[in-house]
Amino acid sequence: MVMGKKKIIFIVIGIIILVLLGIFGYMVVDEMNQTNKLIVEVDEISQMFNQTSIDYDAIEQKLTTNVSKGDYLVVEKAVKQYLSDGLTSMKELQEIVDDDRITTLLTIENYSEDGPDFVNTKEYIQNTRTTLENLKNQFISYTTQEKMDEYISDKGLDEYYIELYNELMGGDKIMQSDIEELESSLDSIINMLNNTEIVIDFLIENKDSWQVQGENIMFFSNELVNEYNELTSNIY
């Protein structure tokens with residue numbers, strides 16, 4: 001009877017061990033699946049950001065859809081919130097770039113409509129320049145570790161998940177990609193606005209010495225013509 005009881009105990013222990021191994025195996029596989037899902041998800045979003053023509057609606061849908069669970073979901077939401085904030089800044093920049101007004105400030109039409117005091121033009125230049133400078137600083141800040149840490153540091157996660165977050169955010173990922181090129185492009189636009197404002201200020205200062213005639217601006221002296229031509233040559 002004793003041997004029979006021992007046999008039953010060994011069988012039970014064996015079953016328990018098999019169950020535990022099964023549970024452990026499932027957990028390991030599940031952990032790997034969760035990690036792979038996040039890697040694939042972030043790579044897909046990265047590709048969407050790097051398209052020549054960005055589909056903002058498609059990206060927003062991706063950023064509001066979750067593919068993971070548990071602590072992995074916390075990591076996923078942190079990554080996507082970071083990207084969502086960056087996307088908002090990108091959309092704001094896109095609106096400025098797509099606004100035709102930025103290229104029509106030094107046209108005869110604008111001279112006729114807003115000259116000679118150019119109140120609306122000056123306001124537009126100053127507001128646009130401030131917005132671009134703020135966006136530039138935002139984009140630069142997004143590439144710093146300090147900024148990225150803000151999205152995950154207060155979540156109470158184990159070190160493993162912090163490292164996973166940093167892995168997903170690191171390397172040639174989304175907001176960090178081509179930041180120098182973006183910064184250079186913003187500087188070019190800001191510089192163009194600065195030089196445009198110099199021309200506008202010149203027209204305001206000499207508002208009694210020029211007028212629009214047909215499709216041309218006419219100055220009352222060759223000296224002013226030469227100065228105007230020199231200033232406009234510095235625009236681009």
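1. Lys 80 is buried, with a relative accessible area of 4%. Buried here means under 20% relative accessible area, exposed means over 50%, and partly exposed lies in between (1.4 Å probe, protein chains only). The model is predicted: local features need pLDDT of at least 70 and side-chain atom pairs count only at pLDDT 80 or more, while totals for chains, interfaces and linings use all residues. Residues are numbered from 1 along each chain as its sequence is written, and side-chain values use heavy atoms, with hydrogens and water left out.

2. Lys 80 forms a salt bridge with Glu 76, with the closest N and O atoms 2.7 Å apart. A salt bridge is a side-chain nitrogen of Lys or Arg within 4 Å of a carboxyl oxygen of Asp or Glu. Glu 76 is also buried, at 2% relative accessibility. Both residues sit in helix α3, four residues apart, about one turn of the helix. Helices (H or I, at least four residues) and strands (E, at least two) are DSSP runs, numbered from the N terminus.

3. The count of salt bridges comes to 12. Glu 60 and Lys 91 form one of them, their closest N and O atoms 2.9 Å apart. Glu 60 lies in helix α2 (residues 56-63) and Lys 91 in helix α3, so the pair ties together parts 31 residues apart in sequence. Glu 60 is partly exposed, at 30%. Lys 91 is partly exposed, also at 30%.

4. Lys 155 pairs with Asp 154 in a salt bridge, the closest N and O atoms being 3.9 Å apart. Lys 155 is partly exposed at 40% relative accessibility, whereas Asp 154 is exposed at 57%. Elsewhere, salt bridges with shared partners join Glu 41, Glu 44, Lys 62, Glu 76 and Lys 80 into one network.

5. A surface patch of negative charge gathers Glu 92, Glu 95, Asp 98, Asp 99 and Asp 100. Patches are made of residues with over 30% relative accessible area and no salt bridge; like charges are joined within 9 Å. Asp 99 is in the loop between α3 (70-98) and α4 (108-114). Asp 99 is partly exposed, at 31%.

6. Overall, the protein chain has nine helices and two strands. Strands β1 (residues 210-213) and β2 (residues 216-219) pair in the antiparallel sense over four bridges; pairing requires at least two DSSP bridges. Trp 210 stands opposite Phe 219 in β2. Two residues separate the strands of this hairpin, where Gly 214 takes a positive phi near 65°.

How values were computed:
Patches are made of residues with over 30% relative accessible area and no salt bridge: like charges are joined within 9 Å, nonpolar side chains (Val, Leu, Ile, Met, Phe, Trp, Tyr) within 5 Å. Accessible areas come from the Shrake-Rupley method with a 1.4 Å probe; for residues, only the protein chains shown count as cover. Lys and Arg count as positive and Asp and Glu as negative; His and the chain ends are not counted. The place of a charge is taken as NZ of Lys, CZ of Arg, CG of Asp or CD of Glu.
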